[in-house]
Amino acid sequence: MAHKVRTRTTPAERQAQAAALHASITEQVTALRDTEQWERFLTLARSFHSYSLNNVLLIAAQRPTATAVAGFKQWQAKGRQVRTGEKALKIFGYATKKITEEDPATGQELERTTTYYPVLSVFDIAQPDPIDGTED
């Protein structure tokens with residue numbers, strides 16, 4: 001099985017991608033003013049109870065027919081392999097990082113935790129196939 005070579009994105013590319021995702025969220029919220037859209041959203045949201053409102057909106061915008069999503073490795077752990085050429089859905093993750101820095105005034109090391117929201121790739125259940133020899 002051929003694997004796609006990963007290329008690193010630049011900070012500017014990540015910022016542009018995040019800005020585009022935020023714009024999509026804004027468009028989705030505006031669209032929810034329509035009662036029919038709101039009902040469709042509520043139906044979809046029931047399937048994604050562990051995702052934030054923003055991520056449910058992003059999933060709905062990118063793949064309105066989505067029913068269950070997981071990351072590439074999560075699908076593999078569940079006995080499924082994402083098909084080559086499938087386009088990932090982009091959502092925001094949540095992560096924290098501990099940073100140790102020296103206080104210039106006292107010279108003591110200070111530890112602080114910072115939060116960030118990386119863009120993650122997930123796939124709908126329609127995008128992977130069962131791996132041979134595993135139960136679906």
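The legends below describe close-up views of a predicted model.

Residues are numbered from 1 along each chain as its sequence is written, and side-chain values use heavy atoms, with hydrogens and water left out.

**View 1. The open sheet of three strands.**
The strands are arranged in the order β1-β6-β3 with antiparallel pairing; strands pair if DSSP finds at least two bridges between them. Helices (H or I, at least four residues) and strands (E, at least two) are DSSP runs numbered from the N terminus. β1 (69-70) and β3 are the edge strands, each pairing on one side only. β1 is joined to β6 (residues 119-124) by two bridges. Val 69 has Asp 124 in β6 as its bridge partner.

**View 2. Helices packed on the sheet.**
Helix α1 touches β3 and β6 of the sheet, where contact means heavy atoms within 4.5 Å. The direction of α1 makes about 90 degrees with that of β3. Axes are lines fitted to C-alpha atoms, for helices over the stretch in contact, and angles run from 0 to 180 degrees between N-to-C directions. Helix α3 also packs on the sheet, touching β1 and β3, and its direction makes about 165 degrees with that of β3.

**View 3. The nonpolar cores.**
A nonpolar core is a set of buried Ala, Val, Leu, Ile, Met, Phe, Trp, Tyr and Cys residues joined through side-chain atoms within 4.5 Å. The largest core has 15 residues, of which Leu 58, Ile 59, Val 69 and Phe 92 touch the most other members. Two or more residues each come from α1 (11-31), α3 (53-62) and β3 (89-92), and α3 gives the largest share, four residues. A second, separate core has five residues, including Ala 70, Trp 75, Ala 88 and Phe 123.

Arg 80 lies in β2 and counts as buried at 8% relative accessibility; buried means under 20% relative accessible area, exposed over 50% and partly exposed in between (1.4 Å probe, protein chains only). A polar side-chain atom of Arg 80 lies 3.3 Å from the backbone oxygen of Ile 125. The backbone oxygen of Pro 128 is 2.7 Å from a polar atom of the Arg 80 side chain. Gln 81, in β2 (residues 80-82), is buried with a relative accessible area of 14%. The side chains of Gln 81 and Gln 76 make a polar contact (2.9 Å). A polar contact is a pair of N or O atoms within 3.5 Å; within protein, one must be able to donate a hydrogen and the other to accept it, and residues adjacent in sequence count only if both atoms are side-chain atoms.

Methods
Predicted model: local features only at pLDDT ≥ 70, side-chain atom pairs only at ≥ 80, totals over all residues.
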